[in-house]
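Colleague: I'm new to reading models like this one. Could you walk me through how you decide what to call each feature?

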Amino acid sequence: MSLASARSSLCRGFQRGLVPPTVGAVQRRFLNLHEYQAQKIFGDFGVAVPKNMAVFSVQEAVDKASEFAGDEVVVKSQVLAGGRGLGYFKENNFQGGVHIVPKAQVAEVAEKMLGKTLITKQTGAEGKPNNTLLLAEKVSIDSEKYFAILMDRGSGGPLMIGSKTGGTSIEDIAAADPSAIIKQPVDIVEGMTSEIATKMATQMGYVGGQIQDAATLISNLYKVFMECDCTMLEINPLATLKDGRVLVCDSKVGFDDNAEFRQKAIHEQRDLSQENPIEVEAKKYDLNYIKLDGSVACMVNGAGLAMSTMDLLSLLGGSPANFLDVGGAANVEAMTAAFKIISGDPNVKSIFVNIFGGIARCDHIAEAVVAGVKAVGASKPLVIRLEGTNVEKGMQIIKDSGLDAFLTNDFTTGAKEAVRLAA
């Protein structure tokens, strides 16, 4: 698994002498909801979507399928990963996570999908559990477009992105024809207007009466984005049906974890079965942990230093086993949890604790590190690098503790030793 970091500038709100909180706040983690959950939110905000129902058992799928018009119904797996249609189920090798199914065959298909593990190009070999199906009406699509809203630090607010072509990867569309991508910033103070929505709809290729329908849908999607504290809202495809309707047929929506306190109903829908259980456990202690494939476990305070640590380990011929930023949570409880997590990784051959004491002083961190190691047990070679406020006291605490650890003030020296011990 790889890490992505965002680098950008701050907002044009300064031009008005203020920074709106939505832009000024750093968006931390992204809560992702299943398609059926996002469709429910869209419906609440007046966004047009196909008729759909979530089902959780084979019998429920059969019963609900009868409520749809026509002889066929769309059956869609619900996992938090892209490429569902081209995926397959691990247990029975059943191909495809999205099917158009005659109603008489819903039970057979649902049986092959529910409770199984779907593997796609985004899940890795382990796949993700599929515990829910989304039944949706079969629609006749005349054309497909792409639409998204995200926070853009360059423009200092929400940015709408659109294309006359959808239904496929937007990256592929942009690579083939960069001019096909339409970008429209929205002033975060003034908000969405009918003029902006109509302009966007027109640029995306809507004509006649569809312009107003598309503009209304765009305005309502913007309401979802702002009022639900979204980090990203992506519609692909935004479909025009042969009967003239403009509908959201598939979507991906992310929500800002920093807004959980005011979006409790949304965040309560979080599906922990779709997440790495170790990362879920880490979050309980406010630890930012992401498992990687290497052999040198890293425990660092501060995301920037954590990234630098991983880079240096790689440069020296090692490979990081994780990203672990303990941040300001460097207390005994958090350190104990952190050592339990990284010590439980069978791939880990050495542990590199890299601390720069600022507001969190080195002596306090050293006490927490000692307590954490003793609580868990030092089963793997340990390298500790300390520097910063009260570093001498911190070093002495570790020396007096009796820990079997390589101790240094130098970043590079510590990284070299961690790589050597993991070899």
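Predicted model: local features only at pLDDT ≥ 70, side-chain atom pairs only at ≥ 80, totals over all residues.

Colleague: Is Asp-229 buried or exposed, and how do you know?

Modeller: The relative accessibility of Asp-229 is 10%. Buried means under 20%, so Asp-229 counts as buried.

Colleague: What makes the phi of Asp-229 worth a remark?

Modeller: Most residues other than glycine have a negative phi. Asp-229 is not a glycine, yet its phi is positive, near 55 degrees. Asp-286 has a positive phi too, near 60 degrees. That residue lies in the loop between α9 and β15 (288-291), and at 44% relative accessibility Asp-286 counts as partly exposed.

Colleague: What kind of peptide bond joins Asn-236 and Pro-237?

Modeller: A cis one, with omega about 10 degrees. Most peptide bonds are trans. Pro-237 belongs to strand β12.

Colleague: Now the charges. Why is the contact of Lys-112 and Glu-108 called a salt bridge?

Modeller: Check the distance against the cut-off. A side-chain nitrogen of Lys or Arg must be within 4 Å of a carboxyl oxygen of Asp or Glu. For Lys-112 and Glu-108 the distance from N to O is 3.5 Å, so the pair meets the rule. By this rule the count comes to 15 salt bridges.

Colleague: Where do Lys-112 and Glu-108 lie?

Modeller: Both are in helix α4 (residues 106-113), four residues apart, which is about one turn of the helix. An α-helix has 3.6 residues a turn, so residues three or four places apart point the same way.

Colleague: What makes Lys-112 and Glu-108 "partly exposed"?

Modeller: That label covers values between the 20% and 50% limits. Lys-112 has 31% and Glu-108 has 46%, so each one counts as partly exposed.

Colleague: How do you know that Lys-283 and Asp-257 form a salt bridge?

Modeller: Their side chains meet at 3.0 Å, N to O, and the cut-off is 4 Å. This pair links distant parts of the chain: Lys-283 is in helix α9 (residues 277-284), while Asp-257 is in the loop between β14 (251-256) and α8 (264-267), 26 residues apart. Asp-257 has a relative accessible area of 7%, so Asp-257 is buried.

Colleague: Which residues are linked in a network of salt bridges?

Modeller: Glu-35, Lys-76, Arg-84 and Asp-250.

Colleague: On to the rings. How many aromatic pairs are there?

Modeller: The count is two aromatic pairs. In one of them, the ring centres of Tyr-36 and Phe-56 are 6.1 Å apart and the planes are at 85 degrees. Rings pair when their centres lie within 6.5 Å, and an angle over 60 degrees counts as edge-to-face, so this pair is edge-to-face.

Colleague: How do you know that the charged end of Lys-51 sits over the ring of Phe-68?

Modeller: The charged end of Lys-51 is 5.1 Å from the ring centre. The distance limit is 6 Å, and the charge must also be within 35 degrees of the ring normal. Lys-145 likewise lies over the face of Tyr-206, at 5.0 Å from the ring centre.

Colleague: Last one: how does the reach of helix α12 compare with what is expected?

Modeller: Helix α12 (residues 362-376) has 15 residues and reaches 21 Å from its first C-alpha to its last, close to the expected 21 Å. Its buried residues, including Ile-365 and Val-369, belong to a set that packs against α11 (332-343), β18 (350-357), β19 (382-388) and α13 (391-401). After α12 comes Gly-377, with a positive phi near 100 degrees.

Key: Residues numbered from 1 in each chain as written. Heavy atoms only, no water. Helix = DSSP H or I, 4+ residues; strand = E, 2+ residues; numbered from the N terminus. Buried < 20%, exposed > 50% of the residue type's maximum accessible area, 1.4 Å probe, protein only. Phe/Tyr/Trp six-rings, centres within 6.5 Å; stacked < 30°, edge-to-face > 60°. Expected span 1.5 Å × (residues − 1). Contact = heavy atoms within 4.5 Å.
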